[in-house]
Protein chains: 2
Amino acid sequence: MKMHNFNSGPSILPATVLEQAAAAIINYNNTGLSLLEIGHRAKWFEEILHEAIGLIKELMELGTEYEVLFLHGGASTQFMQVPMNLLDTNDTAAYIDNGIWGTKAIKEAKLFGNVAVVSSTKDKNHSYIAKDFTVPANAKYLHFTTNNTVEGTEWHQLPATDIPLVADMSSDIFSRPFAYNQLGVIYAGAQKNMGAAGVNLLVIRKDMLGKISRPIPAIMDYQNHIEAGSLLNTPPVFAVYVAMLTLRWIKQEGSLAVMEQRAKERANLFYNTLDALPFYTPIVAKEDRSLMNATFAITDATLEKEFLDLCKENGMVGVKGHRSVGGLRVSMYNALPLSSVEAICDLMKAFAAKYA
Amino acid sequence: MKMHNFNSGPSILPATVLEQAAAAIINYNNTGLSLLEIGHRAKWFEEILHEAIGLIKELMELGTEYEVLFLHGGASTQFMQVPMNLLDTNDTAAYIDNGIWGTKAIKEAKLFGNVAVVSSTKDKNHSYIAKDFTVPANAKYLHFTTNNTVEGTEWHQLPATDIPLVADMSSDIFSRPFAYNQLGVIYAGAQKNMGAAGVNLLVIRKDMLGKISRPIPAIMDYQNHIEAGSLLNTPPVFAVYVAMLTLRWIKQEGSLAVMEQRAKERANLFYNTLDALPFYTPIVAKEDRSLMNATFAITDATLEKEFLDLCKENGMVGVKGHRSVGGLRVSMYNALPLSSVEAICDLMKAFAAKYA
């Protein structure tokens, strides 16, 4: 059965990336060894790391003032690692509370310094993006989540502020051209548009560093990782390799402009279908809809289980909403073909017609 | 060319594990999806995690007083995470300084509490294991490294103490039956005998927890991971799967007794060859020799490059010693066939004969 993968992450990856990753596990690049068996200080891995970092700088249009690191863990690790590295005990950082992940990031930051929550959309279950807020002039940075995977909202422009921005871009990184080089820090768990779970991308403008007095554990210190060129300890070799392959694929397909064009095609088709069918209810404010994660509900919620069973029968996985919000969700990452969106739109129309 | 993989880590894995891992990347268990594309909260992954934890408890003969976790990062992450979770600011922990990794662990622990270094072998470049020492009666735990990958020494019995033991077993875990259930904490990066880089095993006896007052970042808190059943955030799915496959292989081969028997066969052959050839010089004390990592030198060090070139020509990789100690090293993990040890022994004899 043809599968349609709407998983929110880990999620769909390009078939060519999967084929190359599988081949590398048997015999990497004709070395006679598996990618899993080679030393991370071998030339082979150096080349992989170098190519991945080069692709990131190219796709993001970053200058030499930026460092690119691959770190262990996921975005949840960065919730603590960012303030540990950037926020002194008596400093203040500004945070936008736009969803479940931002809320978690705020909780961690409070362990390291003062946190000013400059806006919260908790009043409406984070179903919109609050774009008006005031950031304290002394804030060291403003943290926001560019795309809220769980709630289905996305920032379509940068927050208006002069304070350095720290962006959790786990679920929309590399999905569009973006003002990457106007950000102070970008971080992202890899398991959506960038590859397999188990590695974190961290991009940092060097002037963000060296401003705190706290002693930092060696493995958590960005500066140490920079000096070691992302080889401070054994990196998650396989996950870095899959990220490199995925970045290579993005470039070969036509880079971020093409990713954005495809994301818009998918999202337009999906949201237009949704809006045309009162049988379903969109969850988030129209102007803040995510191109990556569309959240919605069946207006008569008692039909949800039947709908999910029908999805399953038709090879559509990942349509259940996040356990913290319920409802339904269709995730449409870079590698998702338009035909999968067409398939679920057809199913949604047929299901609505059945109950019309 | 037949390759002989003497890498110190990432290192050789069983061919059957690599084949299954590659197949799962294309189509996991006939789901029509790649293992890299499935949600970590799906039943599929739950089964993988459950089987892996079950195998660990079985192989280690652990009772219900132990928790088994898969965590992001490598052993270097545990250097800080152990004292962060177990050592209060005014507490004392005892550490044995038996090698480069122990030294690093000591440095990190000092950020969290008092550290008593109860013995150090730095005087002789960590070329032996100091087994006599006194642990302060108030020490919360005694930390040691069971196998020193870099220096080539190994503990062949437990340190004599009543203080709870914390063991970094990264490079000899699952290589032998061991008094696992007499340890308070066991941790290990996976990339030697347990699988691919990018995941950490943590085994903890529950009574070690709940004894400190420090607030711990959510993602670093063992208790949080226990409550979430190793699913606090997106785990490194692929690395956990490879670990499960490797553990399954260990059990199928005959469990830890068989692993130890093979390790002894390999090590006996290698060290006997080494001892019979004065052309080479062993580096560590005989009684403390590691069964996993044999370190040695060519007595005339000027011949080292030629020796390494010859190894390379014969498909033998990973023979260069760690950059911090130099010399040569042959790592002989679980998956290394005896025939690879025979091959390098033959090469060593021939090389020595050439210069006789």
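Two residues are taken to be in contact when they have heavy atoms within 4.5 Å of each other. The structure described here is a predicted model, in which local features need pLDDT of at least 70 and side-chain atom pairs count only at pLDDT 80 or more, while totals for chains, interfaces and linings use all residues. Residues are numbered from 1 along each chain as its sequence is written, chains are lettered from A and ligands numbered from 1 in the order in which they are written, and side-chain values use heavy atoms, with hydrogens and water left out.

K192(A) lies in the loop that runs between strand 9 (185-189) and strand 10 (200-205) of chain A, where helices (H or I, at least four residues) and strands (E, at least two) are DSSP runs numbered from the N terminus. Is this lysine buried or exposed? Because its relative accessibility is 11%, K192(A) counts as buried; the term buried means under 20% relative accessible area, exposed means over 50%, and partly exposed is in between (1.4 Å probe, protein chains only). Apart from residues up to four places away in sequence, K192(A) touches S8(A), G9(A), S11(A), I12(A), L13(A), T149(A), S170(A), S171(A) and Y333(A). The side chain of K192(A) also reaches the backbone oxygen of S8(A), at 3.0 Å.

S8(A) sits in the loop between strand 1 (4-5) and helix 1 of chain A, and it counts as buried because its relative accessibility is 15%. With residues up to four places away in sequence set aside, the contacts of S8(A) are T149(A), K192(A), R329(A), S331(A) and Y333(A).

R41(A) belongs to the loop between helix 1 and helix 2 (43-60) of chain A. With a relative accessible area of 37%, R41(A) is partly exposed. Leaving aside neighbours within four places in sequence, R41(A) is in contact with E46(A), L231(A), L232(A) and, from the other chain, R323(B).

That last contact leads to the interface. Here, 52 residues of chain A are in contact with 52 residues of chain B. The size of an interface is often given as the accessible area lost when the parts come together. Between chain A and chain B the buried area, meaning the accessible area (1.4 Å probe) that two parts lose on being put together, summed over both, is about 3,900 Å², and carbon and sulfur atoms give 69% of that area. The rule finds ten residue pairs in polar contact across this interface (both at pLDDT 80 or more). A polar contact is a pair of N or O atoms within 3.5 Å; within protein, one must be able to donate a hydrogen and the other to accept it, and residues adjacent in sequence count only if both atoms are side-chain atoms. On the side of chain A that touches chain B, helix 1 (15-26), helix 3 (75-86) and helix 6 (237-253) each supply at least two residues, and helix 1 gives the most, with six residues.

Which charged pairs meet in salt bridges? A salt bridge is a side-chain nitrogen of Lys or Arg within 4 Å of a carboxyl oxygen of Asp or Glu. Over all chains the structure holds 32 salt bridges, although the count between chain A and chain B is zero. One of the pairs is D172(A) with R176(A), whose closest N and O atoms are 2.6 Å apart; both residues are buried.

D275(A), in turn, takes part in two pairs. The side chains of D275(A) and R289(A) form a salt bridge at 2.8 Å, N to O. This pair links distant parts of the chain, with D275(A) in helix 7 and R289(A) in the loop between strand 11 and strand 12 of chain A, 14 residues apart. R289(A), at 9% relative accessibility, counts as buried. D275(A) also meets K286(A) in a salt bridge (3.7 Å, N to O). K286(A) counts as exposed at 60% relative accessibility, whereas D275(A) counts as partly exposed at 34%. Elsewhere, K131(A), E287(A) and D288(A) are linked in a network of salt bridges.
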